[in-house]
Amino acid sequence: MKNRWLPLTLTLAVGLVVGVAGARLGTGASGGSLASLASDRGLSGDEAEAALATYVAPGDYDEYLMFASGGHSGQLHVIGVPSMQLLKTIPVFSPDSWSGYGVGADFSDKLMSEGSNPAKNEPLTWGDTHHPALSETDGDYDGRFVYVNDRANGRLGMVDLADFKTKQILDIPNIQTSHGGVFATPNTEYVHVSSMTPAPQTKDGYAELERYKEDFRGVSTFVSIDQETGKGDLDKSFQIELPPYTQDLADAGKLASYGWAFINSYNTEMAVGGTDKDNPLEKGAIANDYDYLHIINWEKAAEVVEAGGYEMRNGVRMIPLETAIEEGLLYFAPEPRNPHGVDVSPDGNYIAVGGKLDPNATVYSIERIKKAIAEKNFDGTDEFGVPILKLDAVMEAQVELGAGPLHTQFDDEGNAYTSLFVDSAIAKWTLGPLSGVSEEDSFKLVETIPVQYNIGHLVTAEGDTVSPDGNYMVALNKWSVDRFPLVGTLNPQNFQLIDLNSDPLRILKDMPIGFGEPHYVQMIAIDKLQKRIEVYEPGTDPLTMEPSDVATKTGDERVERIGDTLHVYMTAMRSHFTPDIIRARAGENIALHITNIETTRDATHGFAIPGYNKQVSLDPGEVVTIEFKAKRSGSFAFYCTEFCSALHLEMQGWLLVEP
Ligand code: CUK
Ligand code: CUA
């Protein structure tokens, strides 16, 4: 609780600090009034400075946008930095009744059903978004697309950054769950998704757990990306079979390690749980001192696939494990047991593994890895025949950071930042000489900053690219405890904005996350989002961005009965639906093809009809089809759900379903 009545001396100190900040603002901003405002609001000098550092004046824009996964809300969230304001929620795997995604708009139904393997029962209407990945060119974010994985169902979602809408949900064969990735290779040749819990590779997808070693496999998937549409093309993609370990986080090599990919693993013990209460899964899975960092040469794997070194498995080219070993596509390096994150430094030289159960970040170098591979410097193989590189041959350093190191991000000065889950802190440490750090300063803990609490991921500005910006870092904390007013028995999680230009590091701002359990975020400079459009060309199908077959122009509105379906070609504009009276017969299928013919930015209309579970919001220029069966007779008043104009409440009509 902040003390609103500061002691006099502190108030004077505040006045001094804010006075300086105020003076820096030049004419117009009087240091004196800023000082008294700060003191009236009970802000310390540091707090007042932090407020100024994050304030984005009305009408001004943030410097960066973050794309945050929403965890099992199945969505992505767009957040401005440094203001930490939520700008948009993009539904990906889950319905969203505001936009009509999954509750009326035909394109979303199509996405959800196409993105659900029929073998997995009905269309899936939720997902667990974990790791967003912005598309890249030459290892730098290019602002074209953003991808995110569904941890629960092993799927990939793609959002076009032209209109911030989901354009594809891809159900990835041969995996059930996913965690490794999403990362984009440096030119978005591929986006990578690997399985988490291994899945049976049997014909019917069933296997006894006694046959875990024989029948279950992990799978690494390189989804080939169409550079025009951003969509994944399974025909051009390939998979690599992995031993039935639990493959965890993954990252792409870049620059020095271009062409390589890295995946952490745990449960190389292959524990499956069960009734043995002395050996539960969580104990069985930590028996070994080491698990294996998976080192994959994807560039060579793509060549092996082109040369025919694959078998078809459920419609995807799969490189069998034996082929991956024979062709030198897969190597292991020991890593301290049950690590979590693996992150490649901006120059591509270092690979940092977060120890989770071990207080160290273990750092490997690609130079050492390549040398050890060339010299076959192996410590034998695992039981599936994968060569294990000698730890001391590939390890560059271990840096003791604190309890529970998870994920690592980077700045532009050769520093790494690792989240410490158990310590609820972030450790700043230095990379090595290959990242421009002097020999003597290399691989040293610089400082630790506490956060509130239990941090999972963290992100720095452009932190996954070849040229991070520094400037800002955000901690993604799982708990906030007493940080916010009590709003129920579960508090919001907490994003904390940290100033990377301050010494020591300082927290500038908290952002309560009341809308999901975000796992990961990427942060892009807003000026890189060159593809954004302001309005659709009138008559656009948002799924294809092409003119829609069922677009309707003013004067062309009509009703056609084809077979047992009543097609209504309707326009929406301020403040009228045309036609506004629709006659149908009970039992008939109805397809409402609505075109929002507005051409003005933000001129949105909605369409909702009572009792039919249909609601859609139409952006200007957008065409949407709403399909339903007029199950029962009645006179139903439909209406526009967006307050679009002074006559918005008058924007309604009738669906008359005759008995
Ligand atoms: S995991 Cu969430 S804290 Cu799914 Cu990236 Cu590490
Ligand atoms: Cu259109 Cu309200």
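This is a predicted model: local features need pLDDT of at least 70, side-chain atom pairs count only at pLDDT 80 or more; totals for chains, interfaces and linings use all residues.
Strands of a sheet pair through backbone hydrogen bonds, either parallel or antiparallel.

Inside this sheet, strand β26 (residues 415–420) runs antiparallel to strand β27 (residues 425–430), and six bridges join the two.

## Two hairpins

Strand β2 (residues 75–81) pairs with strand β3 (residues 86–91) in the antiparallel sense, over five bridges. Glutamine 75 has proline 91 as its bridge partner in β3. The hairpin of β2 and β3 has four residues between the strands, and methionine 84 takes a positive phi near 60 degrees there.

Alanine 608 stands opposite glutamine 615 in β42. Between the strands of this hairpin there are four residues, and glycine 611 takes a positive phi near 80 degrees.

## A covered strand

How many residues of strand β41 (residues 605–609) are buried? Five of its five residues are buried, and the strand is thus described as mostly covered. In a regular strand the side chains alternate between the two faces of the sheet. In β41 both faces are covered, with His605, Phe607 and Ile609 buried on one side and Gly606 and Ala608 buried on the other.

## Aromatic pairs

A search of the whole structure finds 22 aromatic pairs. Among them, tyrosine 245 and phenylalanine 384 form an edge-to-face pair, with 6.0 Å from centre to centre and 75 degrees between the planes. This pair links distant parts of the chain, 139 residues apart, since tyrosine 245 is in the loop between β12 (232–242) and β13 (246–252), while phenylalanine 384 is in the loop between β22 (378–381) and β23 (387–389). Tyrosine 245 is buried, with a relative accessible area of 2%, and phenylalanine 384 is also buried, with a relative accessible area of 18%.

The rings of phenylalanine 577 and phenylalanine 638 have their centres 5.5 Å apart and their planes at 75 degrees, so this pair is edge-to-face. Because phenylalanine 577 lies in strand β38 (residues 576–578) and phenylalanine 638 lies in strand β44 (residues 634–639), the pair ties together parts that are 61 residues apart in sequence. Phenylalanine 577 counts as buried at 1% relative accessibility, and phenylalanine 638 is buried with a relative accessible area of 0%. Elsewhere, Tyr190, Phe222, Phe238, Tyr258 and Trp298 form one aromatic cluster.

## Cysteines

How many disulfides does a search of the whole structure find? The search finds zero disulfides. Cysteine 640 is buried, with a relative accessible area of 1%, and cysteine 644 counts as buried at 17% relative accessibility, because the cut-off for buried is under 20%.

Which residues are found around ligand 1? They are His130, His131, His179, Leu249, His340, His407, Gly456, His457 and His519. By class, this shell has one nonpolar residue, eight polar residues and no charged residues.

Note on methods. Residues are numbered from 1 along each chain as its sequence is written. Chains are lettered from A and ligands numbered from 1 in the order in which they are written. Side-chain values use heavy atoms; hydrogens and water are left out. A residue is near a molecule or strand if one of its heavy atoms lies within 4 Å of it. Ala, Val, Leu, Ile, Met, Phe, Trp, Tyr, Cys and Pro count as nonpolar, Asp, Glu, Lys and Arg as charged, and the others, Gly among them, as polar. Two strands pair if DSSP finds at least two bridges between them. A disulfide is a pair of cysteine sulfur atoms within 2.5 Å. Buried means under 20% relative accessible area, exposed over 50%, partly exposed in between (1.4 Å probe, protein chains only). Rings of Phe, Tyr and Trp (its six-membered ring) pair if their centres lie within 6.5 Å; planes under 30 degrees apart count as stacked, over 60 as edge-to-face and the rest as tilted.
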